[in-house]
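These are my notebook entries on one structure. I record below what I looked up, entry by entry.

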Amino acid sequence: MAAVDSFELLYREIARSCNSCVETLAVVGALYTASKAVILVRDCYSFVRVHFLPRLMPSTSLGHRFGEWAVIYGASEAIGKAYAEELARQGICIILISQEGASVSDTAKTISETHRVDTMVLVADFSQGHAACKPVKDALRDKDIGFLVNCVDDSLRNSPNFTGLSEDLLWDIINRNIAATTLMTRLVLPGMVERRRGAVVNISSGACYRPSPSKAALSASTAYLDNFSRALHHEYGRQGIFVQSLVPFQVAPQGASAGGWLIPQSDVYARHAISTLGISHRTTGYWPHTMQVHRSVLIKMGLGRVEG
């Protein structure tokens, strides 16, 4: 009988301990679920605030808010050209900068005739180093530069393996994507700081989220633009300068057959991206791309949030 009593006592003690553990686990589970719900609501709100509200409720004139002129470096790229055309459609005068003026002269002429805004074409070869800065600096003097758009060279998307790239090509990549962006920002930013307004937009690529084989140089270049933008935002955001890192995924050239809603044409992408100006400092610029990358960001929490 004593043995039975001892067993019942032991059972009651074990059951009491289990009940306490179950209650504790239930509280922990409830807190975890609540925290995830809060994160989900926050992300949904951010998603709508960045990609939909600005298009439903357009803000004041971009020229009035940031400035009358936009400097576009990389206008020979499909996204850079489309971004310039969309700014011109909103009444912004355009300065196109390229290593070869002939490659963007037709773009400048088309923009001027279509949107009735002033346009300029500047030739700047940043492989020459600091010497390329002087003609640009002289041309920008006394102009109300409200926008600087730097667009990464996307020609490396189909590049061979890293060892298959020549030393000359690698040097050219560094100059066009890293040195040029840095120097252009250094040329334009002081005037913006003095006027306490302006927008610096660095368009890189979703490759900075997903480094992959055969794209080491492209991934590194885009990561530089992304981190450079985020650092400038922290440094100059309180001085009236809006710095944005755009990290789009694949975009089709205007007029080309797009690959569905995940691969928009460049003009569609530009309209979406420009609507996020002044709203998000780091975004894909296009809501299907944000959905596409969201899962990767959750897995690699070290990269931080897509929208911010």
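**Entry 1: Thr290 and His51**

I began with a side-chain pair and found that Thr290 and His51 are joined by a polar contact of 3.0 Å between their side chains. I note here that the model is predicted. I then located Thr290, which lies in helix α10, the helix of residues 287-299. Is Thr290 buried or exposed? I read a relative accessibility of 5% for Thr290, so this residue counts as buried, because the cut-off for buried is under 20%.

**Entry 2: Met57**

I turned next to a loop residue. Met57 sits in the loop that runs between α2 (53-56) and α3 (62-65). I found its relative accessibility to be 56%, and Met57 therefore counts as exposed, since that term applies over 50%. I also looked up how Met57 stands to Ser275: 218 residues separate the two in sequence, while their C-alpha atoms are 9.9 Å apart in space.

**Entry 3: Helices α6 and α7**

I reminded myself that a pair of packed helices is described by two values, the angle between the axes and the distance between them. For helix α6 (residues 133-140) and helix α7 (residues 167-195), I noted an angle of about 30 degrees and axes 10 Å apart. This makes α6 roughly parallel to α7, because angles under 35 degrees are classed in that way. I recorded the crossing of α6 and α7 as right-handed.

Which residues make the contact? On the α6 side I listed Cys133, Val136, Lys137 and Leu140, and on the α7 side Leu183, Met184, Leu187 and Val188. I sorted the residues of this contact between α6 and α7 into seven nonpolar, no polar and one charged.

**Entry 4: Helices α4 and α9**

My last entry concerns helix α4 (residues 78-89) and helix α9 (residues 266-275), whose axes come within 8 Å and cross at roughly 60 degrees. I therefore described α4 and α9 as oblique to each other. The crossing of α4 and α9 is right-handed.

I then wrote down the residues that meet. From α4 they are Ala78, Ile79, Ala82, Tyr83, Glu86, Leu87 and Arg89, and from α9 they are Ser266, Asp267, Tyr269, Ala270, Arg271, Ala273 and Ile274. How many residues of the contact of α4 with α9 are nonpolar, polar and charged? I noted nine nonpolar, one polar and four charged for this contact of α4 with α9.

Notes:
Residues are numbered from 1 along each chain as its sequence is written. This is a predicted model: local features need pLDDT of at least 70, side-chain atom pairs count only at pLDDT 80 or more; totals for chains, interfaces and linings use all residues. Side-chain values use heavy atoms; hydrogens and water are left out. Axes are lines fitted to C-alpha atoms, for helices over the stretch in contact, and angles run from 0 to 180 degrees between N-to-C directions. Helices (H or I, at least four residues) and strands (E, at least two) are DSSP runs, numbered from the N terminus. Angles under 35 degrees count as roughly parallel, over 145 as roughly antiparallel, 65 to 115 as roughly perpendicular and the rest as oblique. A crossing is left-handed if the near helix is turned anticlockwise from the far one by less than a right angle, and right-handed if clockwise. Contact means heavy atoms within 4.5 Å. Ala, Val, Leu, Ile, Met, Phe, Trp, Tyr, Cys and Pro count as nonpolar, Asp, Glu, Lys and Arg as charged, and the others, Gly among them, as polar. Buried means under 20% relative accessible area, exposed over 50%, partly exposed in between (1.4 Å probe, protein chains only). A polar contact is a pair of N or O atoms within 3.5 Å; within protein, one must be able to donate a hydrogen and the other to accept it, and residues adjacent in sequence count only if both atoms are side-chain atoms.
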